[in-house]
Number of protein chains: 2
Amino acid sequence: MPLYALTLEYDGTPFVGWQRQGSGLSVQQVLEEAAAALNGGAVPLAIAAGRTDAGVHAEGQVAQLAIERTLAPERLREALNFHTKPHPLVVTCAAPAPEGWNARFSAVRRGYRYRILNRRARPALEAGRVWHVPVPLDAGAMHAAAQGLLGRHDFSAYRAAACQAKSPVRTLERLDVMRQGDEVVILAEARSFLHHQIRNLAGTLLEVGLGKRGTEWPRRVLESRDRAQAGQTAPPEGLTFLFVRYAEDIGWI
Amino acid sequence: MPLYALTLEYDGTPFVGWQRQGSGLSVQQVLEEAAAALNGGAVPLAIAAGRTDAGVHAEGQVAQLAIERTLAPERLREALNFHTKPHPLVVTCAAPAPEGWNARFSAVRRGYRYRILNRRARPALEAGRVWHVPVPLDAGAMHAAAQGLLGRHDFSAYRAAACQAKSPVRTLERLDVMRQGDEVVILAEARSFLHHQIRNLAGTLLEVGLGKRGTEWPRRVLESRDRAQAGQTAPPEGLTFLFVRYAEDIGWI
């Protein structure tokens, strides 16, 4: 069966997350059921580059999908977008998958953005898209602290208890914190992340931004390898999966 | 009674527009009823710099409000934000109004943004915030056409039939069109605008972007002073009221 690569944009608010669960509608289910209409009714399996949690958004999630029919990528995209209605999930690009490519295991870089709305007033326009922190944050101190976490480390201290990865070692390639108007934005890049890693990093950097902890503290938390040392898990709605990069050249349409 | 200046952010989606109407909830009603709680129960009158239509958003609308109590601006802001819950309307800044100032008539510059999502896939994350135009637009041609509309003109051709302004003459100070990734963004600035002026300009520039009309056409429409010559009224959800500028220095908090 021909395998396709898809880039996906979705608003995570109404979903239980990427993965199918009995408790509600998942991104995976909406995509797979849309694809069934192009697959003689049989529901195919979709595999995502990253299994986002409930409430987490995506601008550039990547998924793979095998269906029986050989379709031009633009026709596949249009047909899937017709069948994902009215859910806030769309296929922005599609392509035939390169030989041997896998959406999850072939990824060489994943990028995420975490947005904090840092002002007194709660969000009106960006409700559900940002973490509202009404107390002023020192974004410069958060950035300085973040730089101490770059590189290859055992990230056990920033890992969810439920994380299924075999190893807690990851290589953090980028962790930039910047103020953009009323927002403090965190950009994180790595080949792969542990479960809740970015949200735990955001919650820990917050303590530095509030002045409760010094800029060296997140590094000490890292070295402790103890989840109990780190800050809170920042809420999911501030997180957006921005992009996935592959070594293969995918001819996105 | 002390008069206050307020900057407002709101998601226009659930509202019938700024102005009170029998047909549903308005921004004005939510703000005035929130203020009543600080005014001994009496509902005060709020006057806005611009009366946005149903579905139009604001990042920096300005309103004036007179209430009986003299309050520190930060306390007024916090109290109003408590009472506007759960509606997507917040006061981002507040200040005592300068002597003789009026939110509407003292404005010297108003700025709006119109967003067009210009890609095949419908919006998932920005649904309700953009006009979805799936056919490729030439933003450069739209910008060139827009420059022919700058300055002081009779904008009757771009005016809603229901417009209540005494004169159709306005001075358009800025009308920039630019591509930003998948979006074509229009930025418009003037001392004041006619009813539907920006949405009619957007709908007319669209014809140029689609290649159906040349870059000189919007100017010829202007000179005709005939609304029937112009393009469609672009939908409200793409429009956001960005800012209001005053000659007076308002000590926003």
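Reader: Why does Asp53(A) count as partly exposed?

Author: In this predicted model, Asp53(A) has a relative accessibility of 22%. Buried means under 20% and exposed over 50%, so Asp53(A), at 22%, counts as partly exposed. Asp53(A) lies in the loop between strand 2 (46-48) and strand 3 (57-66) of chain A. An unreviewed UniProt entry places the feature "active site" at Asp53(A).

Reader: Which residues does Asp53(A) touch, not counting those up to four places away in sequence?

Author: With such neighbours left out, Asp53(A) touches Val16(A), Gly17(A), His195(A), His196(A) and Arg199(A).

Reader: Which residues make the contact between helix 3 and helix 4 of chain A?

Author: Helix 3 of chain A contributes Ala141(A), Met142(A), Ala145(A) and Ala146(A), and helix 4 of chain A contributes Leu205(A), Leu206(A), Val208(A) and Gly209(A). By class, this contact has seven nonpolar residues, one polar and no charged.

Reader: Why is Gly148(B) called partly exposed?

Author: The relative accessible area of Gly148(B) is 26%, so Gly148(B) is partly exposed. Gly148(B) is placed in the loop between helix 3 (139-147) and strand 7 (151-154) of chain B. The C-alpha atoms of Gly148(B) and Thr215(B) are separated by 8.6 Å, with the two residues 67 residues apart along the chain.

Conventions
Residues are numbered from 1 along each chain as its sequence is written. Chains are lettered from A and ligands numbered from 1 in the order in which they are written. This is a predicted model: local features need pLDDT of at least 70, side-chain atom pairs count only at pLDDT 80 or more; totals for chains, interfaces and linings use all residues. Side-chain values use heavy atoms; hydrogens and water are left out. Helices (H or I, at least four residues) and strands (E, at least two) are DSSP runs, numbered from the N terminus. Buried means under 20% relative accessible area, exposed over 50%, partly exposed in between (1.4 Å probe, protein chains only). Contact means heavy atoms within 4.5 Å. Ala, Val, Leu, Ile, Met, Phe, Trp, Tyr, Cys and Pro count as nonpolar, Asp, Glu, Lys and Arg as charged, and the others, Gly among them, as polar. UniProt positions are given in the numbering used here, feature names are shortened, and annotations may be inferred rather than shown by experiment.
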